[in-house]
Amino acid sequence: MPDWLKKTGKFLVDCIELYVPILTFSTLFVSFVIQIFARKFFKPLIWPEELSLICFVWTALLGGLYSKRMGTQVAFTMLYDAAKPETKRIMRIVGNALLLIAFAIILVPSWNYVQFMAYKKSDALRIPMNIAYFPFVVYLVDMIVRLALEIVKEFTTPEAPGGAE
Amino acid sequence: MNIPLIVFVVSFVAVFLLGIPLAPGMMLSSAFYFLLSDNPAASLDMVAIQFLTNLNASFVLIAVPLFVFMAEIMNSGKVTEMIFSFSSALVGKRKGALAHVNIINSIIFSGMTGSALADASGPGNMELKAMQQQGYDDAYSCAISAASAIIGPIIPPSIPMVMYAMLSSTSIGYLFLGGIIPGLLIGIALLIYNAIISNKRNYPEGKSFPPREFWKFTLQALPALFTVVILLGGIYTGVVTPTEAGALAAFYGILISVFVYRALGWKELKQCLINAVRTTGTLSLLVGSSFAFSYIVSIEQIPNVIATFLLGLTQNKYVMLFILNIALLILGCFLDTTPIQLIFTPIIIPILSQLGIDLVHFGVVMVLNLMIGLATPPYGMLLFTVSGLSGAPLKDIIREILPMVFVIIIVLFLITYIPDLVLFIPKLSGYK
């Protein structure tokens, strides 16, 4: 794969998993601060609460992808840690395959639901709810691609690439 | 048991056996259940519907990322350092002074962050280095850092209490108030334990601070200590909601770190944001995934089945509290705090209601149980954190921490059976 393509790919993945959630988290934080000062010194606003909730959904899902990438997700790994390397490899393949199947099963129904929600708009900012809920689909697609790549890697590299995360 | 339910249970057991992360793991079990179920309320888009609609309505839950961010800011600026110097001046010349400082530091820091791990990894890091330099045993230093970090989410603010409030529809404000006396009791119990051990092992004395120096450190720490006033004062005077308090305290933390302590630049702020996003992603994804999971648990009436079973064992609320304490302590040894809360709180609530157990009281008892779980083997995140920071072997830390855990369990049973230790301050503020 050419170097420029690798760099572009990494930048795009960083945008989805890191830069966008940093932006949504910062927006969430600033909205709260604006709300506190507006209520104390001027009059209460409706939009900061609405915006912060939407940003929360985005941060949770895209930040969840970043936590997966960094291997900081919560897992019960006592049995996995105690297993032999070959058993670990099998456990990773089975675990990732199960997740891949589950996410593939819910991908289309979830996409349909998110698209269906386009009819509803948020009260203050009039943001269509399909936009608010879109990162759920991004999460599923990103996970499906990552899980598929990890399974392929298990068969193509002699050494195991990492934990069942 | 019907087939979808069997598949649901078996696949969730597989999540544990295979070491699959619990957030996607809960989605996995839910997806298989929805695929097989012919219940009209169980369609395949339910994972998305439950996740998105509930998370988008959980305004209370936004407190979690805000408290996480606040802890990051406090740990990256000089705030931690100032509080450490202040605690040292406060303890002065006592045997085992640094270990006392460690505990007092945790008590003060717990008024600023809502997480035990933030306490262990931030101030804990500094405390461990100082104790190492003064010649304390590594294992004891780690154990006291981990044990005192338990206070973090007991004294307000508290991330696990926010989770419990969301799951049980209890007031966060009263829960926060309920944690104050238990948190201080744990602090006092650990101080007494440390005094006994320090005398026995002849741990080094602290330095005595002349009044002028004492006041110097106090003045330097005042802007940092004022965070507690902003947080708790803001909540209880009604200026901010508990959720907003996290944002206000983080905003204040940024201001003092930039302008007073001059210790927070763009680079540090960016790192705080990255860490906050990662932790928010970990915790909130878990919560979001649990909504579909809890929905299935609810439509299959599992809480009722378990309530009937447990109430068949006993109708006595004191015996039930004992059973729940033991069950939570055991679960805490193997599982992380958030999954236990998310899975078991909805199951336990009907039992509490039937036996007339106060939900605020039980909330504090439950959080303390789970925090003890963080310091007990085999799965004790606090143990892993302090071991990682100091390099001390886990088995030595475990040997040192077990008596401390025993001391904290005594406090746990005190607050379980004397509810007013929890409810006294909430009642003063109008809780009925």
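In which helix of chain B is the place of B:T243? The structure is a predicted model, in which local features need a pLDDT of at least 70, side-chain atom pairs count only at pLDDT 80 or more, and totals for chains, interfaces and linings use all residues. Residues are numbered from 1 along each chain as its sequence is written, chains are lettered from A and ligands numbered from 1 in the order in which they are written, and side-chain values use heavy atoms, with hydrogens and water left out.

B:T243 is placed in helix α14 (residues 242-260) of chain B, where helices are DSSP runs of H or I with at least four residues, numbered from the N terminus. With 4% relative accessibility, B:T243 counts as buried, a word that stands for under 20% relative accessible area, whereas exposed stands for over 50% and partly exposed for what lies in between (1.4 Å probe, protein chains only). Apart from residues up to four places away in sequence, B:T243 touches A:F32, B:F59, B:V60, B:I62, B:A63 and B:L66, contact being defined by heavy atoms within 4.5 Å.

In chain A, A:N112 belongs to helix α4 (residues 85-116) and is partly exposed, at a relative accessible area of 45%. Between A:N112 and A:D123 there are 11 residues in sequence and 23 Å in space, C-alpha to C-alpha.

Several loops of chain B have backbone features that can be located in the model. The loop between α12 (180-201) and α13 (211-236) holds B:N202, which has a positive phi of about 55° although it is not a glycine, and B:N202 is exposed, with a relative accessible area of 53%. The loop between α14 and α15 of chain B contains B:R262, another residue other than glycine with a positive phi, here near 45°; at 68% relative accessibility, B:R262 counts as exposed. A cis peptide bond, with omega near 0°, runs from B:P156 to B:P157, and B:P157 is found in the loop between α9 (138-149) and α10 of chain B.

As to confidence, chain B averages a pLDDT of 88, and 100% of its residues score at least 70, pLDDT being the predictor's confidence in each residue, from 0 to 100. Within chain B, the mean is lowest in α7(B), at 78, and highest in α19(B), at 95. For the complex, the predictor gives an ipTM of 0.91 and a pTM of 0.85.

Definitions and conventions. Helix = DSSP H or I, 4+ residues; strand = E, 2+ residues; numbered from the N terminus.
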